[in-house]
Structure formats: C-alpha cells, structure tokens
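Here are some notes to read beside the model. Please keep the sequence open while going through the points.

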Amino acid sequence: MNHFLARIGSAFFGLAFCWLTCLSPVSASPPTPGLWFLGSSLLTPTAQMRGGQLFVATSDGGLARLLQQTGATLSYDPSQRYIVVTSADHRTITFTLGRPQVKIGAAQSAVAVPPFLDRGVAYLPLFTLAEALYLEAVRADGAETVLQPQIGAMVVRTQGSSTLVTLHAAIPLTFRRLSGAGNEGVSLAFDNVSSQLDATRVIGSGPLHEVDLYVAGNPHRPTTTVNFDPHAGAVHALALENDSPNEVTLEFASRGMPLHGEPVPAQLASRSAGVPPPLAAQVTIPSPNLAMPEPSTPENIPSTRVTTVPIAVATPIPSGLPVDGLPEPTDLASSPSASGDIPTPAALAEVSAVNVVPDDGGLHVDVALDGPVDFRWHRLLDNRWYVDLIGAHLTISPRDQDVNSPDVSAVRVHQLSTDPHPIVRITLALNAPREVDVRAAKSGLSIVVGAETDAMSLRFGDGRVEDGRIVATTADTTEFAVPGAPSTDYATARKSSSHLIVIDPGHGGSDPGAQHNGLTEKDLTLDISRRIRALLEDRGWTVMMTRDSDIDVVTPQALAAARADGRPNPDDRAELQSRDDIANARGARFFLDIHINSFGMSNLRGTAVYYYKPIDHAFADALHRRLVAQLGIPDLGVRRDKLYVLNHSTMPAALVEVAFLSNPQDADLLRSPDFRQRVAVAIADGVGDFAAAPAGVLNTL
Amino acid sequence: MDGDLSPKGEDFLVRLVRIVLIIGLVVLLGVLAYRGFAPSTRSAADTVTVYYSKLDGVTLDKWTVSLGPARDPRSVAFYAAVQAVAGPPSTVEAVRFPPGTIVRKVERRGTTAIVDLSGNVTSGVGGAFAEAGEFKALVWTLTKLPGISSVRITINGARVATLPGGHLELDEPLSRSNW
C-alpha cells in the first residue's frame, strides 16, 4: 500500500513538475530587438524568451509574414497537439506541444525547450523553425540577428543518362548566368541567398564532375555563386520540373544524349508559387518511373550542412541528422513505391475463391478475400445483378457457371479490368427480380439472394468490406432518382422517345472558367456547344442549350430561392442546379456538358470524358470512343467523378473535358476553328452511336 | 523417530508453501493486470499511409509517415490530412493542392472525418482533372485510418456545394467509391 501511495505521489509530483515547466504562463518579455529578414526588421510582437530560446506564437503576424515570404504554410488546430509547417518544397516540419523534438520530413531531432501553450496560444521555437526552412540565424554588426535565406540543400539524382541537380532554397530563387551561353559548364549567381553547404561537391560518375559554391556579400545581402563543372563534352539545360519557385533544377547529359529542358537563360526572374517557370516548353507526360521517389542512395542524399553560425538564441540541430533530408529519404525509401514493386493502392485484395451455396431460402455466393475492398453493385433491368470489387485481383480462373436454382440461373466471375485499376466483377443472372444483399462474411463477403422485388427499380449501391464487417455503405437501398428532381429511372431514360438533348456550355457570365494562353474557357465551351447543336439539329435532334450567350444561367428567382433555403453555398449550387433543371424538367434524353481542362503544370494535355451515375457510363464511353478516334490527341480516358451536374441530372449525362487550356499545344488546337469543329463532329457522332445502339451496348458485362 | 517432522512442523511447511504460492499468484495476477491495463505501445500504429495522385490524375501512389506521440484518433487524422495536402517531396511529380492550402481543422463525427481547408483550395487553376487528383488522395489517406469511411470537406469553416473549377460536388461526404 505504501508503495502504491508512493507511486501515486510520484505521479502527482511528476504532473505538477510538467505543469510548472511546460504549461505555466511565462511572463512576456519584449520582442528581441534587431531581428532582420529580407530587407526589413521582422516584428514578432508575441515573442517570448524561454530557456534561452526565442518563441513566437503561431498566430504572430511577423511569423505569418515570414512563412508567406518563404512559401510555407502552418496548420494548427488548437484542440490538438501537432503544429505542422509545410515548406515550399513540400517538407513537413512537425512540432508537438510539450514534446522537445521536431520532425523535419522523416528526420527527428531534439529541441532544448519544447513548444508550449501560453493562455491557450501555441508557441514555437523561432530559430528551430527558421533553420528547417533554410533560414540561418547569423549575427550581424551590433546586436542585430539576420535570418539569412540559404540554399539549404542540393539534391543530385540520376535519371536515365542524365544527372539532375536541384537546389532548394528558403525563398523563390532567381539567378544571373555568369558563364557564356555556349560554355559546357555553367555558373549561376543567386542574389539574396547564402549557403553553408560544402564548398565543393564531387559528383564523380555521369556527365557532371563537381559543383562548387562560393558565398560573397554581407549578412544582409549575400550572393551565392554556384559553378557546375561537367565532364568534357557534356551538355546542360534548365529542367522544367519544379513546381516550387524555391527550387531550380539543372540537367546534365553527355553529348549526343537528349535533354528535356530549355537552355539556361541569361537570368531567371522571380516566379510565383505554384506556377511553372516562364520558360516552360512543351514536354511529354513523364513516364511513371520518373515520378518515383528516388531511393536513398549516396548519390541523392544531400550534402550535410557542415557548420552553422552559432548564436546565443539559436537552437542548433544536431549534426549528423539529415536535416537537409530531401526528399524525405527514409519515409519514401520505406515505401514499396521506392522499391519499384508497388501494388497500386487500389490493389488491396485478392479474390481466391467464389462459392455458390444453396440455402434454405434461396442461395448465396461466398467470396473469399484477403484484405479490405471497396465494392459497387448494380441491378439491371434484365434481372442481371453484378458487384464490382474495386482494386481486387482474381487469383482463380474466371468462370461462367450455370446454377441449378429457382432464383439464379448463372454466376459469372471475371477480371473486368487489370492494373492500374483492377476490378473483379461477379455477375448473377437472376431468374426473377429479387433483392440481393452484400454482407460481410468471415472469409470476405457474401452475396445473398433474397425475396422478389419491384421489377422496374434500378438500384445501385456501394460500400467497403473490412475486417469481417461492412464499414461503409451508401445508397444501398436508394432508388435511382435525384431528390427534388423529376422522378425517372433507367427504364424511362432508356426507353425515352424524347428527341431533346440539352447541351451545357460550361461556365459563362460571371464565371470565366480557366484562362490560359490568351484563351478563356467559357468562350470556347460556348463555341463548341453551338457547333454541336448545329450538327445534332441537322441530324434530327431537338437541342436546347443552357446558355447561348455569355451569361450566368441561374435566374434571379432561382437564386433568391436558393439563398432562402438555408443550405450552404447557394450561389454556386443554384447556378449548377439551374443547368440540370433545364434538362430534368423537360425530360431530355441526354445531358451533355462541355468543358476545357486546365492544370498547374503546362505539360499535361489530352481529352477526358467524365461520368458519375451508372447510366452515364455507356454514354460517356460512346463519346470518348469518337473523340479519341477523331481528334488524335492524348487519351486520358473515361473517368468517374462526382461532379455536380452529373450527379444531379436524371438522364444519361457526360462531361467532356475537350483538352487542356494550360498546355500550349492543346491551346493552339483549341484556337483553331477547324479543331473545334472536329470536336463537335466527334461528340455528335458519339451521341448518334449511343442513341442507335441496342441495349447490349449499355450493359456489356 | 527424532528425524520425523512433528505435525506442528508439517503444518508450518504447508503454510509456508501456501503463502509462497499465494504471493506468487498475486504477483502473477499483478503482472497480468498491469500488462492488460497499461497502454500498449503496440496498440497505436507507428505510421500513417499517405496517398498522392500521379500526373495521370487517376493512379494513386503512397508513402508512409511516422507518427509523433500524439496518437489519439483525431490528432492522427489531422496529421494525415496535413501530410496529404502537403503532398510528397518536391522531387516527386504529383497532382497537388493549390499553393497555400492548409488544413485548418479535422473533426470526426461517427465514421466521417470533417476536414476544414483554407480558402486557397478554391484558387487553383485546375479543372476536374486537378480536383479529382487532389481530393481522391486526401480521401484515400483518411479512409485508410481505422473507423473513417468518408470525408466531408468544409472551406474556411463553411460547407460548400462545389468547387469553382471542375465543380466537384462537396455537399455530401466523399468516399472512395466516388471515383
């Protein structure tokens, strides 16, 4: 008992000690004078000294400016203990309240005093954070401390026959080229950044021999010169792969080998975050291998920072830890991705057995799975019912098995699609319309055939089976109809004698959509839609457009009603719902939405067709087949996505993303009336294909 | 016989053995109870799996991130969401959230994680392609965590019907089956 009491006493004492050392309020001291950053004094009104360390509040305006200028962001939820700063080069710097450690990428190191709460406000050690963001605290004259932006890491990697060198800095990198344009080597001067990387880095093999760094200037205005010294005959280029302006990548290759970048310009002006370099040229989509994180090999581990300028308030990060550890080598190397034998994340389970088991009331089909799997089931009008096991591989032979049962005449099991999106489909041919239920079973899942049901109801649903239970099921008994919209179902849509097609030119009015390369999405979608209308009307269809000029579609009355209903985001909802309503209210046979894609990297191009509801799929397929065959641009496939207009339309609907406005080559095509006419012809042909097709086209199982 | 134990001596031995056995039993029960009730270091995962979309906009890849000490479910969900929004290191080509997007809060309501993102998420130049890649990775990351099957997105604390570029519908929770 005494021992027990002693333990209780120790615990109480320990808690009291923790409270005293970590959580008790600290008397605020005036901000440290003379903190200098990027040409001005850095005011941090909430600064506190604790244990010789300078702390700032996560809500501090000075900290916010520092993060903004370095392209970093801070995520902190006061109800939790983590404080995570994401640097411009996508490293996460994680602090935990009360924990004397900081985690930078995969590397963990100690801090002398842990982050703490003071009156409900979280405080971070400023210099630890600064150093992780490649800002070095150095003493200038007098009592002034300069947070000096650094080129904090140099990552060298091999890609095919090329050597790529990426410099990572605290701030957006600009440079002046000091060497002649035709020189084999190249020297670049980076103003306003210093570096404490090794003065000489010998690369050795490959086209690049070594990299030398020199720092000049003063603590306030440093300049770092980087001299890239290739082997004789090598060529170089400015690689166009960086999505952060805080990085610059140079590519070196032996003479005669291909380079993917552009000649290094005489100077590189500032770039805004998230926007590709202005020199971006057309390149093809990189192969998946190029996107793989490099394994942690001596070639791609950045050089270790050799020294830091010690100042009294700085928190030194212990040497030897990979604080420059780009790109998180431990985490990524531990991922199966890095080793190359990655199952795609979708490949979660293997189907090792499918057994048809008669029971008292009917029949069930047991499916053996070795892991969690998402499933999506559908019932068709012809009494077929199927379930897709998404991300599953079939390890047994496919089968098409007759079943001697009053309920089910046949069961078919096959691999519907393979990597990268493997799907196993199990189809039951029901003898009559019956309820079919998907349940969790010890070995995986069980498909249970039950009582008779309404013949004309098309039903679908989805869920996830994991650890012997269904952990997510949505729409499992939902009639396929959109609440609040005119009721229809698959049969109505399919048997519709309507000759009305509604075309929605995406965006319009106050919403221009994407704008790139001198083009605006709403103008292009309207032009293409008008061309489609002309073609379809020539072919005997009645066509209605949601807009035939540059306007918002929503009426003032609909907007007012949407704003009054209390649901969130009424303006956007009303605008999109108005487009669906035009088709829904008129019982249109098809709904066709025309858009132009865009992306932050200019190298992506191609056409894609989106669907969401089951009845959309075959319609999207038909359009896609024609577009790919007749346009000859890269094929991005038919994609399922929960886009508003698709989800809220009641007939077969598809959204065509014709091409990428952000890609110069696609933009040139879109500029051409001839190309836009070809797009219209392909879409009109696709509509014709779908309308003329027998039901079998829709339900190819 | 002189060497024989008297009945009194036998009683003493028996009692001694019983006491030793009882003490041993108590110690054993104590150890078992301690192991049963003490927080197990194995009960919490050491890592979270974080997904990102490759540049085809469809294929997901993943990496693992080790967890700090804050392993309560809500903190883990917050940490995983932050990692998914940050994306993989910059040398990995990925579909990424617009610059400046931060995770403001993550709550759990039943099996739904409610992720509040900053308004920067609406500033992206991407259409349906980018939106699908961004949110698919976030949803797959969070639904990989035990007990989370869907993700509701709010922006600056408010529910939204859709995003402005590609019009991904956010009015209802997203789940893996949306793609």
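1. Helices (H or I, at least four residues) and strands (E, at least two) are DSSP runs, numbered from the N terminus. Ala132(B) is found in helix 3 of chain B. Ala132(B) is buried, with a relative accessible area of 8%; buried means under 20% relative accessible area, exposed over 50%, and partly exposed in between, with a 1.4 Å probe and protein chains only.

2. This is a predicted model, in which local features need pLDDT of at least 70, side-chain atom pairs count only at pLDDT 80 or more, and totals for chains, interfaces and linings use all residues. Residues are numbered from 1 along each chain as its sequence is written, chains are lettered from A and ligands numbered from 1 in the order in which they are written, and side-chain values use heavy atoms, with hydrogens and water left out.

3. What does Ala132(B) contact, leaving aside its neighbours within four places in sequence? The partners are Asp641(A) and Trp179(B), where contact means heavy atoms within 4.5 Å. The C-alpha atom of Ala132(B) is separated by 7.5 Å from that of Leu168(B), and these two residues are 36 apart along the chain.

4. Chain B as a whole has 3 helices and 6 strands. Their pattern along the sequence is α-β-β-α-β-β-α-β-β. Chain B has 179 residues, of which 55% count as buried. Among the contacts in chain B with a separation of 6 or more, 57% are between residues 24 or more positions apart.

5. Chain B contains an open sheet of 4 strands in the order 3-4-5-6, with mixed pairing. Strand 3 (103–109) and strand 6 (158–159) of chain B are at the edges; each has a single partner strand, so one side of each is left without a neighbour in the sheet. Two strands pair if DSSP finds at least two bridges between them. Strand 3 of chain B and strand 4 (residues 112–117) of chain B run antiparallel and are joined by 6 bridges. Arg108(B) has Ala113(B), in strand 4 of chain B, as its bridge partner.

6. Which helices lie across strands of this sheet? Helix 2 (residues 73–86) of chain B lies across strand 3 and strand 4 of chain B, at about 135° to strand 3 of chain B. Helix 3 (residues 128–143) of chain B lies across strand 4 and strand 5 (150–155) of chain B, at about 130° to strand 5 of chain B. Axes are lines fitted to C-alpha atoms, for helices over the stretch in contact, and angles run from 0 to 180 degrees between N-to-C directions.

7. Chain A has an open sheet of 4 strands in the order 2-1-13-12, and the pairing is mixed. Strand 2 (40–41) and strand 12 (135–139) of chain A are the edge strands, each pairing on one side only. Strand 1 (residues 35–37) of chain A runs antiparallel to strand 2 of chain A, with 2 bridges between them. Phe37(A) stands opposite Ser40(A) in strand 2 of chain A. Helix 2 (residues 61–70) of chain A packs on the sheet and touches strand 1, strand 12 and strand 13 (145–149) of chain A; its direction makes about 25° with that of strand 1 of chain A.

8. Strand 24 (residues 349–358) of chain A can be compared with two partners. With strand 28 (residues 392–394) of chain A, strand 24 of chain A runs parallel, over 3 bridges; Ala349(A) has Ala392(A) as its bridge partner in strand 28 of chain A. With strand 25 (residues 363–369) of chain A, the pairing is antiparallel, over 7 bridges. There, Leu363(A) in strand 25 of chain A is the bridge partner of Pro358(A).

9. Helix 7 (residues 521–538) and helix 13 (residues 673–692) of chain A pack at an angle of about 50°, with their axes 8 Å apart. That makes helix 7 of chain A oblique to helix 13 of chain A; angles under 35 degrees count as roughly parallel, over 145 as roughly antiparallel, 65 to 115 as roughly perpendicular and the rest as oblique.

10. Gln577(A) is in helix 9 (residues 570–585) of chain A. Is Gln577(A) buried or exposed? Gln577(A) is buried, with a relative accessible area of 18%. Leaving aside neighbours within four places in sequence, Gln577(A) is in contact with Asn584(A), Tyr644(A) and His648(A).
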